[in-house]
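Here is a short briefing on one protein chain. Look at the fold, then at its core, its surface and one loop.

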Amino acid sequence: MIGLAIGAVVVVTAVVVALVVFLGGGDDDVPVAAPPTVTLSLPPLPSLPSISLPSLPSDGSLYGSIIEGTPTSPDGLGDDAELDGYAQDCFDGSVEGCLDLYASSPVDSEYERYAESCGGRVPWTEESTVFDCFTS
């Protein structure tokens with residue numbers, strides 16, 4: 001139905017342009033009729049279903065809580081101040097800190113291993129992943 005209405009507007013516009021070009025294309029003495037007015041009547045749009053978004057965990061974190069366990073000190077991982085800050089956040093129980101540390105640290109570095117061990121809360125293995133550090 002909408003396609004037909006748009007098609008009608010295109011056809012009317014083409015006819016008006018053709019009339020202007022063939023009948024009045026440059027002759028200022030011949031009056032040209034105003035183009036017809038086309039009024040479209042479109043059906044109402046259907047209402048969209050409501051969508052409920054999940055709520056944030058109670059601690060305000062986007063990722064939930066860090067897994068249980070006793071963290072180990074991040075001292076001695078390296079000498080990068082930014083990574084040391086992320087490591088401290090991870091040690092303090094911030095899931096985002098562990099994720100930031102993992103994303104920013106060099107591959108196979110002590111920083112990366114610390115992030116993958118959830119701040120020392122779990123033993124690091126070759127299969128360790130930082131994504132196992134949080135619960136919803």
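The points below go from the whole chain to single residues.

This is a predicted model, in which local features need pLDDT of at least 70, side-chain atom pairs count only at pLDDT 80 or more, and totals for chains, interfaces and linings use all residues. Residues are numbered from 1 along each chain as its sequence is written, and side-chain values use heavy atoms, with hydrogens and water left out.

**Overall fold**
- The chain has four helices and two strands. Helices (H or I, at least four residues) and strands (E, at least two) are DSSP runs, numbered from the N terminus.
- From the N terminus on, the order is α-β-α-α-α-β.
- Of the 136 residues, 24% count as buried. Buried means under 20% relative accessible area, exposed means over 50%, and partly exposed lies in between (1.4 Å probe, protein chains only).
- Among contacts with a separation of 6 or more, 57% join residues 24 or more positions apart. A contact means heavy atoms within 4.5 Å.

**The core**
- The largest nonpolar core has 17 residues. Such a core is a set of buried Ala, Val, Leu, Ile, Met, Phe, Trp, Tyr and Cys residues joined through side-chain atoms within 4.5 Å.
- Which members touch the most other members? They are L101, Y114 and V130.
- α2 (81-91), α3 (95-104) and α4 (110-116) each supply at least two residues of this core.
- Leaving out residues up to four places away in sequence, V130 touches C98, L99, Y102, A115 and E116.

**Helix α3**
- Its buried residues are V95, G97, C98, L99 and L101.
- These buried residues of α3 pack against β1 (65-66), α2, α4 and β2 (134-135).
- At the start of α3, a side-chain oxygen of S94 comes within 3.4 Å of the backbone nitrogen of E96. A polar contact is a pair of N or O atoms within 3.5 Å; within protein, one must be able to donate a hydrogen and the other to accept it, and residues adjacent in sequence count only if both atoms are side-chain atoms.

**The loop with S109**
- S109 sits in the loop between α3 and α4.
- Is S109 buried or exposed? S109 counts as buried because its relative accessibility is 13%.
- A polar atom of the S109 side chain lies 2.7 Å from the backbone oxygen of P106.
- The S109 side chain also reaches the backbone nitrogen of E112 at 3.1 Å.

**V38**
- V38 lies in the loop between α1 (2-24) and β1.
- V38 counts as partly exposed because its relative accessibility is 41%.
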